Structures are given as C-alpha cells and as structure tokens.
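Please read them with the structure open beside you.

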Amino acid sequence: MHIKIDEDIFNPVYIPYLNNDTRIQIYYGGASGGKSVFVFQRCVIDILKGGRNYLIIRNTANTLRASAFNEIKKVIAKFQVQNIFKINKSEMTITCRNGYQIYFRGLDDIEKLKSIIPEKGVITDVVVEEATETKEEDFRQLKIRTRGLTGGIKKRITLLFNPIMRNHWIFKEFFTNWIEGENEYHDKGLTILKTTHKDNTFLEQEDRDELENEKDPYYYAVYTKGNWGVLGDLVFTNWKVEDLSKIKKQFGTFYHGLDFGYSNDP
C-alpha cells in the first residue's frame with residue numbers, strides 16, 4: 001500500500017527530525033510548541049513503514065489515556081488510515097495491519113514493562129511523555145529494557161517535556177554541553193531540539209497572546225520562552241524525591257512543613 005502524507009501537516013522546524021535515528025532524543029521547550037504532536041506523527045509514520053514498535057510511557061498509566069493515546073488516535077484520523085489500524089481501548093494498544101504496534105504504559109510498576117512482547121519484532125522506540133515526572137532510576141531501567149538485536153534498526157529513547165527546574169536530573173544528565181541561546185544540539189548519541197509556541201505554525205493567535213502576556217516570571221521563562229526554570233531564592237537545593245514507605249516504621253515522629261515560596265518573606 002502506498003500512502004502519501006503531505007509535509008504541510010508538519011511544523012517545518014521538526015521535518016529534519018522525521019528520520020533522526022540518534023539513540024537519545026530530547027524535544028523540549030515552551031508550551032504549545034508542537035513537540036508531542038510531531039513525535040506522535042513520526043510514530044504513526046514509522047509504524048506504517050514497518051520495522052518499529054513503540055512504547056509510549058508516562059509516570060502514571062491513567063494520565064496516558066487523555067493525553068498520548070488520544071493524540072495518536074487523532075494523528076491516525078488525520079492521516080486517514082483508520083481502516084488499517086486496530087485500536088484496543090481497554091488495553092491501550094494500537095496495532096497496524098502490518099503487525100507493528102504502539103503500546104501505552106505507565107511507570108507505576110516498571111516491572112510490568114518486562115512482559116511486553118510485540119506481535120512482530122521487538123520494542124525499538126520508547127517515548128517518555130512529561131519526562132520531568134520520571135525518576136532517574138526509572139530512566140536507567142528503560143535504557144536497559146531497550147537493549148538487544150533489532151535486525152539493523154536503531155533503537156531510540158525520546159524524551160518530551162517542559163523544562164520545569166534547572167536542578168532536575170535530566171538537565172544534569174544531558175545538558176552539560178548545551179549552549180544557552182542555541183536551539184539545537186547534536187552529538188553521536190544525543191539530539192536536543194528546543195522549541196516554543198513561535199515554532200508552531202498551527203497555533204491560534206489567542207493562545208500565543210495568552211503565553212506572551214504571562215505575568216509570572218517563572219511561568220513566562222519556562223512555558224513561554226522554553227528556558228530551564230529557576231524558582232527564586234531556594235532554601236534547600238540538595239534534595240530529591242524518594243518513596244520512604246518501606247522504612248517509615250523506623251521513625252518515631254513525623255513533621256510536616258509548608259513553604260509558600262516568597263523570596264522576601266512578608
């Protein structure tokens with residue numbers, strides 16, 4: 001079957017990345033930049049071509065149905081190829097007539113990801129939506145899960161996110177060679193593309209105005225300009241989030257604090 005897809009449906013900034021096979025790919029920046037839509041468009045095209053199976057991930061599975069799962073269905077409809085895809089809503093699995101598949105799973109129980117076996121081939125692509133929600137250890141596990149033979153097709157892990165905090169592990173892991181003011185970075189194993197709403201040619205003017213008129217400096221920096229966030233004068237900077245439920249019985253007393261985030265406390 002020959003399917004023609006007009007390149008006018010893509011935001012021009014992303015077209016050079018349609019066939020990018022770099023191992024780690026990061027598409028990040030401001031809100032409404034079109035990064036998720038592009039990656040999901042590329043996903044459907046790859047499945048139609050054959051040879052690739054996708055695993056689309058978010059920190060919790062129940063958030064995927066209203067985000068990535070629906071967006072992929074929209075892409076399939078826009079490409080007018082509904083008749084060659086089987087969509088299993090309960091399992092959140094999409095299968096093309098050629099046998100290649102898209103799986104949607106959460107990181108709630110990363111051990112369950114081991115049991116995913118595509119009907120044809122292996123998982124070649126992992127897409128992590130809202131990647132800043134994930135823990136560094138989960139990412140390490142995903143890298144391990146995507147090793148192995150693919151018959152010549154390069155495996156890829158793609159991260160999508162808004163740059164919420166400069167002290168995030170993603171910044172420390174991948175942005176050591178990033179030059180502020182640049183929009184792209186490439187090396188042998190890493191591709192980074194930064195976009196904002198200005199790169200999205202399909203965005204309504206009303207949405208652009210809302211982003212440009214944002215009054216909060218932090219939100220303007222992160223969601224309008226697509227820059228890594230810095231929250232004022234932080235009291236504690238050397239911290240991380242962990243699940244301590246297994247050791248909580250060792251503690252005799254619990255204290256809870258609340259910081260409203262004023263840099264100049266009234």
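1. Ile 247 sits in the segment that follows α6 (217-224); helices here are DSSP runs of H or I with at least four residues, strands are runs of E with at least two, and both are numbered from the N terminus. Ile 247 is partly exposed, at a relative accessible area of 34%. On this scale buried means under 20% relative accessible area, exposed over 50%, and partly exposed in between, with a 1.4 Å probe and protein chains only.

2. A word on the source before going further: this is a predicted model, in which local features need pLDDT of at least 70 and side-chain atom pairs count only at pLDDT 80 or more, while totals for chains, interfaces and linings use all residues. Residues are numbered from 1 along each chain as its sequence is written, and side-chain values use heavy atoms, with hydrogens and water left out.

3. Next, the salt bridges. The count comes to 10, where a salt bridge is a side-chain nitrogen of Lys or Arg within 4 Å of a carboxyl oxygen of Asp or Glu. One of them pairs Asp 46 with Arg 156, with the closest N and O atoms 2.7 Å apart. Asp 46 belongs to helix α1 (residues 35-49) and Arg 156 to strand β7 (residues 156-161), so this pair ties together parts that are 110 residues apart in sequence. Both Asp 46 and Arg 156 are buried.

4. Arg 52 and Asp 125 also meet through their side chains in a salt bridge, at 2.7 Å from N to O. Arg 52 is in the loop between α1 and β2 (54-58) and Asp 125 is in strand β6, so the pair ties together parts that are 73 residues apart in sequence. Arg 52 is buried at 10% relative accessible area, and Asp 125 is buried at 0%.

5. Another salt bridge joins Arg 58 and Glu 133, whose closest N and O atoms are 3.4 Å apart. This pair links distant parts of the chain, with Arg 58 in strand β2 and Glu 133 in the loop between β6 and α3, 75 residues apart. Arg 58 counts as buried at 14% relative accessibility, whereas Glu 133 counts as partly exposed at 36%.

6. Two backbone angles deserve a look. Most residues other than glycine have a negative phi. Gln 80, however, has a positive phi near 60 degrees; this residue is in the loop between α2 (65-78) and β3 (85-88) and is exposed, with a relative accessible area of 65%. Glu 130 has a positive phi too, near 50 degrees. Glu 130 lies in the loop between β6 (125-128) and α3 (136-145) and counts as partly exposed at 26% relative accessibility.

7. How many disulfides does the structure hold? The count is zero, a disulfide being a pair of cysteine sulfur atoms within 2.5 Å. For Cys 43, the nearest cysteine sulfur is that of Cys 96, 11 Å away, which is too far for a bond. Cys 43 counts as buried at 1% relative accessibility, and Cys 96 counts as buried at 6%.

8. Finally, the loop between β4 (93-96) and β5 (101-106) holds Tyr 100, which is buried with a relative accessible area of 14%. From C-alpha to C-alpha, Tyr 100 and Lys 89 are 17 Å apart in space, and they are 11 residues apart in sequence.
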